[in-house]
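Here is a quick tour of one model, taken a few spots at a time. Have the structure open and follow along.

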Amino acid sequence: MKAPDVPPDEPFRLSALEELALLDTPPEERFDRLTRLAARTLNVPIALVSLIDTDRQWFKSRRGLDARETGRDISFCGHAVLREETLVIENALNDERFFDNPLVTGDPHIRFYAGAPLHDPQGQRVGTLCIIDRKPRSFSEEDKITLRDLADLVEREFSIGAIRDHSEDRTRALNVLTEIVLDSAGDTNERAARALRIACDYLGLETGIVSRVTDTVYTIHWHFTRGTNPIENGTTLPLEQTYCALLLESSHKLFAIQNMAESGFTNRPCYEVFGLETYLAAPIWIDGEIFGTVNFSSHSPRHRPFSATEEMFVTLFADWVADTLYRVQRTETLNKLVTQAPGMLYQYRLWPDGHSSFPYTSPGIKEIYGIDAEEAAIDANKAIARVHPDDLPGVLKSIEESAQTLSQWQLRYRVRLDTGGWSWVEGLAQPEALPDDSILWHGYITNVDERQRIDEMKNQFISTVSHELRTPLTSISGSLGLILGGATGPINEKTAQMLAIAQRNSKQLRHLIDDLLDIEKLVSGNVTFDASVQRLDKAAEAAVEEIQPMARKRGVEVQLNVLERDLYANYDIVRLTQAITNLLSNAIKFSPAGAAVRVDLSKSGDEAKLEVRDQGPGVPESFRDRIFQKFAQANSTSSRTKEGTGLGLAITRELMQAMGGEVDFESEEGSGACFWITLPLAEPGTQ
């Protein structure tokens with residue numbers, strides 16, 4: 001008897017057999033159907049699907065035979081898998097390899113044998129579909145073709161099973177990844193350790209590590225191990241002594257070794273130092289750069305290569321780690337910035353039933369409101385209770401208006417200190433409507449106590465200086481007028497010219513002082529308004545008439561177009577005329593000679609709208625956000641040469657808001673600007 005030889009690719013053949021996952025599994029009708037068909041078609045008593053294992057042949061399906069397996073050394077199929085062609089033994093007694101084989105001399109008394117090799121989906125010969133008879137017989141070419149066709153059907157079942165197993169493996173891998181992603185218990189370090197443990201269980205390996213690689217240093221960032229050698233997070237090693245270096249040198253998306261001793265890397269320092277036989281790793285990419293690696297390893301070799309599903313699992317696991325690390329880094333950066341930011345950053349939420357809270361606040365809330373972030377997250381009332389009683393109605397009203405219009409909230413108000421005094425704060429936030437009809441603001445509140453004191457001192461200074469200058473300036477201006485009028489006698493032409501310049505400059509200075517006093521009174525609320533319901537075209541006509549001397553001097557035409565005359569509003573005609581004149585003055589100053597400034601009065605919904613449109617250079621983009629601020633002027637050569645205090649538009653805004661109206665503009669740089677004011681319409685005879 002001759003025992004079958006071992007194929008040169010035996011390790012790969014055995015690995016392929018293991019991948020099929022059929023050894024020692026229960027009978028299946030899909031294979032039994034084919035052995036019945038083989039026995040019936042080829043008229044033999046025995047038909048088998050035989051798989052050749054390390055030291056046995058095991059029958060996945062058997063027809064006409066009770067034994068489930070026999071030794072490989074006495075098997076006919078062990079010889080059949082050594083070749084691609086079908087092995088045919090017409091009379092075993094006449095074959096020197098089998099005449100004294102126990103399966104020939106004893107049960108089942110084989111005389112005739114024919115075995116067609118069976119291949120796995122990758123082409124490895126793993127067994128045979130064989131037929132056996134207890135008497136000698138011939139086997140034609142047509143019979144061989146029939147047996148091969150039946151063997152192909154068995155191989156088809158292998159492929160179907162492999163596809164099914166592959167699908168099940170993919171599903172299991174994705175389920176494991178889902179379990180990892182959905183785990184939210186504990187902090188990030190705890191979740192990472194659990195994720196590595198779950199991944200090690202899935203892969204059947206001892207150790208999982210997330211590493212950080214910086215230049216030539218390898219650092220253990222997170223880890224899990226069942227090995228006997230202790231591992232600590234933060235441990236550093238020379239990169240060249242780690243298996244990670246093999247991955248980074250390869251520039252591959254994945255690096256896998258199932259048996260280091262049989263690889264080409266046994267001379268590397270990592271093998272000498274750690275002696276790991278199995279290693280599977282993928283790089284971690286964050287913002288286009290390699291952060292480090294996810295690697296899994298064991299001291300024992302694997303008997304089969306890593307499957308495509310296992311490699312996919314590690315690649316996706318590395319993506320999850322990268323996303324987790326990215327969020328941790330961004331959170332740490334944000335926390336550092338938030339800690340250093342003055343005041344408090346916050347989210348404020350107002351529910352439809354009226355209750356409110358701060359879902360998020362930076363540590364600065366302690367400085368602003370004297371309460372903890374945890375308290376504010378439950379209820380905002382403790383913060384609101386700190387607002388000065390005189391300022392509280394305005395704070396609540398501004399929040400309500402911002403919620404209704406979804407407009408930016410901005411306010412300055414006082415907050416009680418723990419010491420018992422009051423501190424000025426200023427807040428700005430942008431509202432967002434949520435699906436449950438609540439409103440969520442995102443913004444900041446900062447302490448402006450020092451700025452408030454400076455503003456008050458500045459306003460007081462301006463007011464004092466303006467009042468002190470007004471009386472002597474009036475005297476100077478009057479005296480210049482008398483001299484120029486001849487009250488002191490004749491003056492020569494050169495002296496008259498110099499006096500005219502002085503008079504013009506004194507008038508300009510008087511205008512500046514008047515503007516300063518106006519803005520100071522408006523900001524402090526000391527301006528009185530004599531408002532009544534009047535036709536709006538009266539104020540428009542008065543303003544145009546008042547500005548005509550300036551327009552003629554600059555060669556600019558002012559065109560008034562009253563599109564609807566019967567428009568009434570409740571306003572102070574002096575103050576509204578002043579507001580319109582300020583807009584006209586700006587338009588004329590920035591219009592070239594020969595241009596026209598157009599004034600349109602019309603109805604817009606339930607408001608009256610007056611537009612002043614010029615043909616000047618337009619408003620620079622960089623200046624638009626502060627155009628209505630006090631002393632604001634565009635910082636460009638052309639605009640800085642224009643006369644003006646920078647207070648006109650600020651005064652106009654204060655006047656319009658005091659009368660219940662608004663002022664705004666639109667402009668395309670290089671194509672002029674259109675400023676407009678609006679007032680709510682009123683019925684004649686009402687007040």
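## Ser 211 in strand S7

Ser 211 is buried, with a relative accessible area of 0%; buried means under 20% relative accessible area, exposed over 50% and partly exposed in between (1.4 Å probe, protein chains only). Its place is in strand S7, residues 207-214. Helices (H or I, at least four residues) and strands (E, at least two) are DSSP runs, numbered from the N terminus.

This is a predicted model: local features need pLDDT of at least 70, side-chain atom pairs count only at pLDDT 80 or more, and totals for chains, interfaces and linings use all residues. Residues are numbered from 1 along each chain as its sequence is written, and side-chain values use heavy atoms, with hydrogens and water left out.

What does the side chain of Ser 211 make a polar contact with? The partner is the side chain of Thr 293, at 2.8 Å. A polar contact is a pair of N or O atoms within 3.5 Å; within protein, one must be able to donate a hydrogen and the other to accept it, and residues adjacent in sequence count only if both atoms are side-chain atoms. Leaving aside neighbours within four places in sequence, Ser 211 is also in contact (heavy atoms within 4.5 Å) with residues including His 221, Cys 244 and Phe 291.

## Thr 128 in strand S6

Over in strand S6 (residues 125-133) you'll find Thr 128. Thr 128 is buried too, at a relative accessible area of 0%. Beyond its neighbours within four places in sequence, Thr 128 touches a list of residues, among them Leu 48, Cys 77, Tyr 113 and Pro 117. Thr 86 sits 42 residues away along the chain, and the C-alpha atoms of Thr 128 and Thr 86 are separated by 9.1 Å.

H2 covers residues 29-42, and its 14 residues reach 20 Å from first C-alpha to last, close to the 20 Å expected at 1.5 Å a residue. That expected span is 1.5 Å times one less than the number of residues. Buried residues in H2 include Phe 31, Leu 34 and Leu 42. Just after H2, Asn 43 takes a positive phi of about 60°.

H17 (residues 573-589) has 17 residues and reaches 24 Å, close to the 24 Å expected. H17 is mostly covered, with 14 of its 17 residues buried. At the start of H17, a side-chain oxygen of Asp 572 comes to within 2.9 Å of the backbone nitrogen of Val 574.

## Tyr 444 in strand S17

Tyr 444 is found in strand S17, residues 439-447. At 34% relative accessibility, Tyr 444 counts as partly exposed.
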